[in-house]
Amino acid sequence: MGSHLCDWFIHHGYKVIAVDNLLTGSLKNLAHLKKSKDFKFLKHDVHKPFQVAGKLDYVCHFASPASPVDYMNHPIATMLVGSYGTHNMLEIARTKKAIFMMASTSEVYGDPLVHPQVEYYWGNVNPIGPRSIYDEAKRYAEAATFAYKRTYKMDTKVVRIFNTYGPRMQIKDGRVVPNFIDQILNNQPLTVYGNGQQTRSFCYVDDLIDGITRLLLSNLAGPVNVGNPKEFTILEFAELIKSKYNPKAKIVYKPLPQDDPKQRKPDISLARKELGWEPKISLEEGIEHTMNYFAKNYGH
């Protein structure tokens with residue numbers, strides 16, 4: 001997602017400094033920007049303080065492991081980037097008098113008791129469960145952002161991102177879209193957790209970047225849900241992938257992970273009304289773009 005955001009800024013005439021410790025990211029996602037005079041990459045962990053020379057207009061804090069596989073493998077790093085990392089980036093924005101945007105997540109709603117999820121819903125999160133390292137890091141980061149906004153009168157934005165997919169994801173990401181694509185490319189059964197009746201709403205990355213940047217350039221502070229409200233059960237999604245790419249593929253079932261959300265669907269009324277935004281790319285079209293990317297980069 002960060003590399004796509006860099007593309008948008010460069011395309012719109014901005015100079016970009018991308019900061020990443022590459023814990024879960026890859027430099028190959030930025031290779032096409034290497035020759036741009038307006039792009040600079042700094043390898044650094046944002047939970048440790050650092051300085052940026054010159055004027056900044058925007059500080060976008062998108063650093064964090066985001067897939068369950070990654071944040072389960074890096075629990076402390078996930079908590080640190082949500083806490084110290086958020087404070088460090090807020091301090092840079094404050095001292096530079098820059099607009100600050102924080103990437104939050106639908107995970108702040110936990111295993112929701114309200115459906116679809118609206119921004120004023122406070123969530124249902126297990127604060128000590130295995131997923132809490134990510135959920136609570138993002139909830140803390142939201143609280144810190146609003147504390148800085150109130151204390152220092154900063155211009156801050158919080159975007160709550162729902163399930164997003166597209167080119168440049170890691171094939172071993174652990175989330176359902178790359179999982180299924182990996183299994184299709186390798187002629188393996190499609191793995192469904194639980195009974196497959198849990199739901200997700202999949203937003204293609206181009207639509208997401210459009211929503212994020214509209215919020216960034218708006219007068220809205222948020223939080224604002226950005227995601228696709230079209231809801232699928234995981235089993236429906238598996239059947240769609242199977243029918244389109246390998247009708248002979250088998251579907252196998254494994255136990256549902258602890259605290260895995262049963263329903264996930266954004267209410268995007270606020271984004272529609274205030275930003276004039278809604279997703280345009282269908283799941284079928286987005287999956288085709290994503291499959292082509294993975295087939296080219298990971299196919300046999």
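How are helix 1 and helix 7 oriented to each other? I began my notebook with that one.

**Ground rules.** I am reading a predicted model, where local features need pLDDT of at least 70, side-chain atom pairs count only at pLDDT 80 or more, and totals for chains, interfaces and linings use all residues. Residues are numbered from 1 along each chain as its sequence is written, and side-chain values use heavy atoms, leaving out hydrogens and water.

**Two helices.** I found that helix 1 (residues 2-11) and helix 7 (residues 205-216) pack at an angle of about 60 degrees, their axes 10 Å apart. Helices here are DSSP runs of H or I with at least four residues, and strands are E runs of at least two, numbered from the N terminus. Axes are lines fitted to C-alpha atoms, for helices over the stretch in contact, and angles run from 0 to 180 degrees between N-to-C directions. Helix 1 and helix 7 are therefore oblique to each other; angles under 35 degrees count as roughly parallel, over 145 as roughly antiparallel, 65 to 115 as roughly perpendicular and the rest as oblique.

**Thr105.** Next I looked up Thr105, which lies in strand 4 (residues 99-105). Thr105 counts as buried because its relative accessibility is 5% (buried is under 20% relative accessible area, exposed over 50%, partly exposed in between, with a 1.4 Å probe and protein chains only). I saw that Thr105 and Arg160 are 55 residues apart along the chain, yet their C-alpha atoms are separated by 4.4 Å. Leaving out residues up to four places away in sequence, Thr105 touches Tyr134, Lys138, Val159, Arg160 and Ile161, where contact means heavy atoms within 4.5 Å.
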